[in-house]
Amino acid sequence: MKTATLATIYTFNIGVARDAVRNAFDNAGLVLTLKEATGVIKTISDELRQTQQEYKKHLAKTERILSGIQEYEQQNKSERKKIAKDVVDYWFEKVTTPVQPVKNKTVVFFTVDNELYCEPKIDHCYRVEANSYRDKMIRTLIAHKTYVPTETLIEICGFASRKSLESAVDAMNRIAHKELDVFKIVEGYRDSGYRIYPGIILKKE
């Protein structure tokens, strides 16, 4: 997980913090009352912008700050931690990842026939076995806009262990590099989980 410093050239604003909190609450199926949360959102924005501590300390601070929202406090400990993690992950992704023009990204298509391909398709195509671990992994990552936590991905896809997930990711990236001529298709960070590699645009057909 990359951390942002005051020297980072990206824009830091309260809008990203607001969207991060709203995204986390949406993921948890909760209704966020912006009027109640305004002060909390500003505090989160200030904390994440100014502090240079490691990721776990960001997470602990965010948990404490979010406790000012009644709906958040009513959740169990596990769900509160997940919401706080969603906030921090979303915020870091927005402010530490440069926005790349679409023209600089490779478009990869995922068809209804489970084919991954880039144009020209005749040269760059690979069929993923339907309902396989890799198939479920790709579909799960496409459905999420940010990182999917490792344990969540293991549970959804049915992997036997963290090691089997890592092996599947490595294998999929080797295939993507060889068959599709892209650098990789899945990116992972130890504290965040996995996501579709931001250097590509993966579209379902």
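This note goes through selected side-chain contacts in a predicted model.

1. Residues are numbered from 1 along each chain as its sequence is written, and side-chain values use heavy atoms, with hydrogens and water left out. Because the model is predicted, local features need pLDDT of at least 70 and side-chain atom pairs count only at pLDDT 80 or more, while totals for chains, interfaces and linings use all residues.

2. The model holds 8 salt bridges, each a side-chain nitrogen of Lys or Arg within 4 Å of a carboxyl oxygen of Asp or Glu. Among them, Glu115 pairs with Lys121 at 2.9 Å between the closest N and O atoms, and with Arg127 at 3.1 Å, N to O. Glu115 lies in strand E2 (residues 115-117) and Arg127 in strand E3 (residues 125-127), so this pair ties together parts 12 residues apart in sequence; strands (E, at least two residues) and helices (H or I, at least four) are DSSP runs, numbered from the N terminus. Salt bridges that share partners join Glu115, Lys121 and Arg127 into one network.

3. Another salt bridge joins Lys81 to Glu63, with the closest N and O atoms 3.4 Å apart, and links helix H5 (residues 77-96) with helix H3 (residues 55-66).
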